[in-house]
Amino acid sequence: MEITNSKPHLVFLSSPGLGHLIPVLELGNRLVTLCNFEVTIFTVLSNTSQTETQLLQSAMTAKICEIIQPPPVDISSLIQPEAAIVTQISVMMREIRPAFRSALSALNFGPAAIIIDLSGTESLEIPKELGIPKYVYMPNNAWFLALTIYLPFLDQVVEGEFVDQKENLEIPGCRPVRPEDVVDPMLDRSNQQYFEYVRVGNEIPKADGILVNTWEALEPTTLAALRDENLLYKTIKIPVFPIGPVRRAVGKVQVGSKCELLNWLDNQPKESVVYVSFGSGGTLSFEQMQEIAYGLEMSHQRFIWVVRRPTIETGDSSFFTTGNVGDDDISRYLPDGFLTRTKNIGRVIPGWGPQVQIIGHPSTGAFFSHCGWNSILESLTNGVPIIGWPLYAEQRLNATLLAEEVGVAVKPKILPSNGVVKREEIVMMIRKIMADEEEGDKIRKRVKEVKENSERALNEGGSSCNALSSFAGECKKGWKR
């Protein structure tokens, strides 16, 4: 390669899905602005997500990082139509490897390092062949990382399905994982997505280090275990850099109904509004939508609810079709008269809402969330408690972490992915945060502490600032002009 750049250059490989793309773009921006790198992001998009496309167009316009998009790959002949999301993404990332290799060979500079996100670990062999330092970016929390790298061992010693185990799954030095909280790929050990996930657990330790989107004060015990030679470090034997929280910055909102929504929010009392949204891939059954509607109405709390078309299925069925999930005629999915009865206390909007602005608004008092890690970080860094509603992927794990270890959330007794949560329990969860002076005050106090320690972590001299500087120093140390 002909080296022409005067700054060290980093190359990212990002997988499809907002859960991957958002943290990659934001970390890329941070490395450019804070660490004096140039950054190129090689990004693979799902073929139907308008939200991903819009986000990428915005990133291209900002021109902070260079964006390279490979031609789309057709994997229809390689997977079954009903293939799980992890399988779809894994096959897509496998098929994109020749294009990624060609793109790296065509660069007119020598990268200081290549950073590959969680679903692209098969491509770690490419920078190894080229003699370039290679890192994995885990855009989730440290507990999920610990489970992922320990899964190959669990695969050898656990008999039968994980969800059928009578005992919790032990991870050295970490909080045990309850069978009902395992991530989606572990639900069926005969499914291809399980074998793909075990493969990822085996491949992560082949990197030169791991960047993880958390911070010391949020998960001190798990991070200590990842560094302990007698616990998990003997499994990975590479450094872990907790550089979070990496999350979206507040941007401009388009003129129109979304601005009107924020104007309505301006006129509500402080911390009085429950924001309800289940992420870009979260859909509910018709019956569950009805129960949530009645629960919101019976709670007598102000609310903003982002509504998508209902479906019998949740999670997997909607992941690659999230660009067209809005519906202007949302009244047909809601109880008769609901919009009229709640017009003075609530706002229901179809498809999409300006989430970052809503969560960051002083009037927002709780986030009724699917517990995707990006959304969690937006909530925690704004000091907003969470009503956990995990649907798929690692969201059950996240909800348990928030409710039982961090102490900033409540969650239903029955998992929403396993059955219908009734209106009475929905009312109870909302009131526990919004109206319960003892329990609600405790949770609100704790989430404000988390917000403050996340800010300290990112400030100069903070743990995440130091971790990012340490990573940058490693990359620059081996870089040659």
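Which residue in strand 2 is the bridge partner of Ser14? The bridge partner of Ser14 in strand 2 is Thr43.

## Basis of the report

This is a predicted model, in which local features need pLDDT of at least 70 and side-chain atom pairs count only at pLDDT 80 or more, while totals for chains, interfaces and linings use all residues. Residues are numbered from 1 along each chain as its sequence is written, and side-chain values use heavy atoms, with hydrogens and water left out.

## The sheet

Helices (H or I, at least four residues) and strands (E, at least two) are DSSP runs, numbered from the N terminus. Seven strands form an open sheet in the order 3-2-1-4-5-6-7, with parallel pairing; two strands pair if DSSP finds at least two bridges between them. Strand 3 (66-68) and strand 7 (240-242) stand at the edges with a single partner strand each, so one side of each has no neighbour in the sheet. From one strand to the next, the twist averages 20°.

Strand 1 (residues 9-14) and strand 2 (residues 38-43) run parallel and are joined by six bridges.

## Helices on the sheet

Helix 1 (residues 18-35) lies across strands that include strand 1, strand 2 and strand 3, and runs at about 175° to strand 1. Helix 8 (residues 220-227) also packs on the sheet, where it touches strand 6 and strand 7, and its direction makes about 160° with that of strand 7. Axes are lines fitted to C-alpha atoms, for helices over the stretch in contact, and angles run from 0 to 180 degrees between N-to-C directions. Contact means heavy atoms within 4.5 Å.

## An enclosed helix

Buried means under 20% relative accessible area, exposed over 50%, and partly exposed in between (1.4 Å probe, protein chains only). Among the buried residues of helix 11 are Met289, Ile292 and Leu296. The buried residues pack against strand 8 (273-277), strand 9 (302-307), helix 12 (338-341) and helix 16 (423-434). Just after helix 11, His300 takes a positive phi of about 60°.

## A buried serine

Ser379 is found in helix 14 (residues 373-380). Ser379 counts as buried because its relative accessibility is 0%. Leaving aside residues up to four places away in sequence, Ser379 touches Ile359, Phe367, Val384, Pro385 and Ile386.
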